[in-house]
Amino acid sequence: MSAYNPLLRLLRARSAVTLRLCRKVTTWSPVGAAFNAQAVRRSDLFRKNVGLFGVPELSSTEGFDVIQEKALLETDQLVEKACSSSPGAVTVETFDKLSDSLCRVADLADFIKVAHPDPLYREAAEKTCINIGTTVEKLNTNVELCKSLKNLLDNEEIMAKLDPETRRVAELFMFDFEISGIHLDEKQRKEVVNLNVRLLDLSNKFLMGCHMPNRIDKRALPHHIHQHFTNEGNYVQIGGLHADAPDDLVREVAYRIFLYSNGEMMHTLEELLSCRNKLARLVGYQSYSHRALKGTMAKSPDTVMNFLQLLTDKLKDKTEKDFEMMKDMKTKFNPRNTDLMPWDHPYLSGVIRAERFNIEPSLYSPYFSLGACMEGLNSLFMQLFGVSLLAEQLNAGEVWSEDVRKLAVVHETEGLLGYIYCDFFYRPDKPHQDCHFTIRGGRLLDNGQYQLPVVVLMLNLPHPTRSAPTLLTPAMMENLFHEMGHAMHSMLGRTRYQHVTGTRCVTDFAEVPSILMEYFATDYRVINQFARHYQTGQPLPQSMVARLCESKKVCGAADTQLQIFYAVLDQIYHGKPQSRSTTDILIDMQQKYYGLPYVPNTAWQLRFSHLVGYGAKYYSYLMSRAVASMVWRQCFHKDPLSRETGERYRREMLAHGGGKEPMLMVEGMLQKRPSTEDFVDALVSDLDPDFETFIMDSEG
């Protein structure tokens, strides 16, 4: 690890020279150059294939069977050790090794099954995920294994001697047992297993259906709008909402057809919700929502609903004004049809933003080349944490696509912290969402060294060309900062146990570091360090940054209210079962928490894919944003480049992963325990206009 220190000094010296030149001739530092240049394909004929992520067995698809068998053999040995050891810290350490052994295979396979361009690799990874998942399910219902942990938790004398992180991890492992029904009799445990198997099938079925297009006979639609959709013989296929289409009719048709109710999907959703409720009740919870919220910042469904209701009340006047603005804009465009409908909201809010602040993404993109943005992140992390991003040379067979880049994350005194694989560019069959994958979690090893974390960041950016590097829109740039927030959460965490490493924490806290990065991405003091025109080297004018920031507040209350509606719907669906359909619930909640009318024969909930991955937790994004806003305003707003504040942020929040109760981390950073009212006030105040922007515009 220490070998990185002289290398780091050398690269810093090179970077300083290059950045000075950059202002005149737009050359780049090593990390900037790595992302602005086109990938050069190297011949692998004479290089040894090291296997995916440097795992030698994964130089071929057969390797999945090998690493799987190795993990299962190690699992058997660790289970035996856990069951035979006396209660103590060793119990938790053994459980964590057991978790790590399985996660190192499952997490890697979970990524490969969605990202690898070769279907044979995807298929092999999928089988591995299923097999490891089956093993985990068996372990979670292993009575002897559970007993070994319970013996520790019931021994107050030994528990009192353990450090807080070890105690918390022991409790988290026990929670996994409890939600698997370990405390039930054999018949009920089998029912829990059967429900989990059924839920997996229903979840997959619902997710597939969420994204399936609907089709309609061409003759049912005016001929002039056929061109906006996919034509398939005598039918028109509609696979999305076409929310950005300027034509009212195109948006309306897309909304009505894409969201048209489907009996089979309706049955799938209702069975999914019913199974979740049965499972939660069986293992001792009032509802699935109560089970899902245990250990979160919110803690209970009542707290979530109070938060969402209070936010609705505080936003009421702003939301009404937003809808009035949209209605006025629609009247201007279409005087014969002035009723504001759900398909109007995203389009008209965008039009109002562009008109009021002259926000055209193509004006900003030349300043946000991918290389410049990566230099900006590198500079920011160095100033806040003393951390550099170093472009690494890839070995043969290490990555799944030739345009993937690898970064070593190196601290100025601690040395190498971990690796980030950057899968940033579009390719066919690649998932279209931007996301962060943990491939290997960090943990303290028996020899005192640290198992370095490995993550992948996945984006869908355009490829560089011969004449220009990849140019990002402001939204793409923010997404890059957001996902890098997740990555640094993984890199800067130094938990003793991988079970709570980095982003392995509760959902309503996990988004805080990534959303906080969005505030850095829109602060001129940060942007001014890297946003340079890729051809001229000219900096992005401060007035353009200010206008961009203010434009986001336009219709922001209505946008937030829509998210509140989704979060409320999620809570009601996962609360106490009701004697009415999911559509009837939606109609009621849409009236109370959104305001725009329900469209007959539509079922938006059948496209709500987040119900699977974020069941009862959709509120998390709003609560995480509230915490991020408070951390930004109180800690970083005065000086976003403060090393002292950056170190405190790492110490209080990032270092612990999920190894510390989330509200304690927030309290440590803010020096107070925030209330629901504090969360709401933070979100509402984010929408207040900055009058300096208007002064700047008038002076310009």
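Reader: What span does helix 17 reach, and how does that compare with the span expected at 1.5 Å a residue?
Author: Helix 17 has 19 residues and reaches 26 Å from its first C-alpha to its last. The expected span is 1.5 Å times one less than the number of residues. Helices here are DSSP runs of H or I with at least four residues, numbered from the N terminus. This is a predicted model, in which local features need pLDDT of at least 70, side-chain atom pairs count only at pLDDT 80 or more, and totals for chains, interfaces and linings use all residues. Residues are numbered from 1 along each chain as its sequence is written, and side-chain values use heavy atoms, without hydrogens and water.

Reader: Why is helix 17 called largely enclosed?
Author: Because 16 of its 19 residues are buried. Buried means under 20% relative accessible area, exposed means over 50%, and partly exposed lies in between (1.4 Å probe, protein chains only).

Reader: What makes His-489 count as buried?
Author: His-489 sits in helix 17 (residues 474–492). Its relative accessibility is 0%, so it counts as buried.

Reader: Which residues does His-489 touch?
Author: Setting aside residues up to four places away in sequence, its contacts include Gly-502, Cys-505, Phe-509, Met-653 and Gly-657. Contact means heavy atoms within 4.5 Å.

Reader: Is Ser-624 buried or exposed?
Author: Buried, because its relative accessibility is 0%. Ser-624 belongs to helix 25 (residues 620–636). Beyond neighbours within four places in sequence, it contacts Thr-507, Asp-508, Phe-509, Glu-511, Val-512 and Ile-515.

Reader: Why are helix 25 and helix 27 called roughly parallel?
Author: Helix 25 and helix 27 (residues 662–670) pack at about 25 degrees, with axes 10 Å apart. Axes are lines fitted to C-alpha atoms over the stretch in contact, and angles run from 0 to 180 degrees between N-to-C directions. Angles under 35 degrees count as roughly parallel, over 145 as roughly antiparallel, 65 to 115 as roughly perpendicular and the rest as oblique. The pair is therefore roughly parallel.

Reader: Which residues of helix 25 and helix 27 meet?
Author: Val-627, Met-630, Val-631, Gln-634, Cys-635 and Phe-636 in helix 25 meet Val-666, Met-669 and Leu-670 in helix 27. By class, this contact has 8 nonpolar, 1 polar and no charged residues. Nonpolar covers Ala, Val, Leu, Ile, Met, Phe, Trp, Tyr, Cys and Pro; charged covers Asp, Glu, Lys and Arg; the others, Gly among them, are polar.

Reader: What makes helix 3 oblique to helix 6?
Author: Helix 3 (residues 63–84) and helix 6 (residues 143–153) pack at about 45 degrees, with axes 8 Å apart. That angle makes helix 3 oblique to helix 6.

Reader: Which residues of helix 3 and helix 6 meet?
Author: Val-79, Ala-82 and Cys-83 in helix 3 meet Glu-144, Leu-145 and Ser-148 in helix 6. The residues of this contact divide into 4 nonpolar, 1 polar and 1 charged.

Reader: Why is Pro-597 called partly exposed?
Author: Because its relative accessibility is 36%, Pro-597 counts as partly exposed. Pro-597 lies in the loop between helix 23 (582–593) and helix 24 (610–613). Not counting residues up to four places away, it touches Leu-340, Met-341, Pro-342 and Gln-590.

Reader: What do the buried residues of helix 23 pack against?
Author: They pack against helix 11 (263–282), helix 13 (301–333) and helix 22 (556–573). Among the buried residues of helix 23 are Ile-585, Leu-586 and Gln-590.

Notes:
Helix = DSSP H or I, 4+ residues; strand = E, 2+ residues; numbered from the N terminus.
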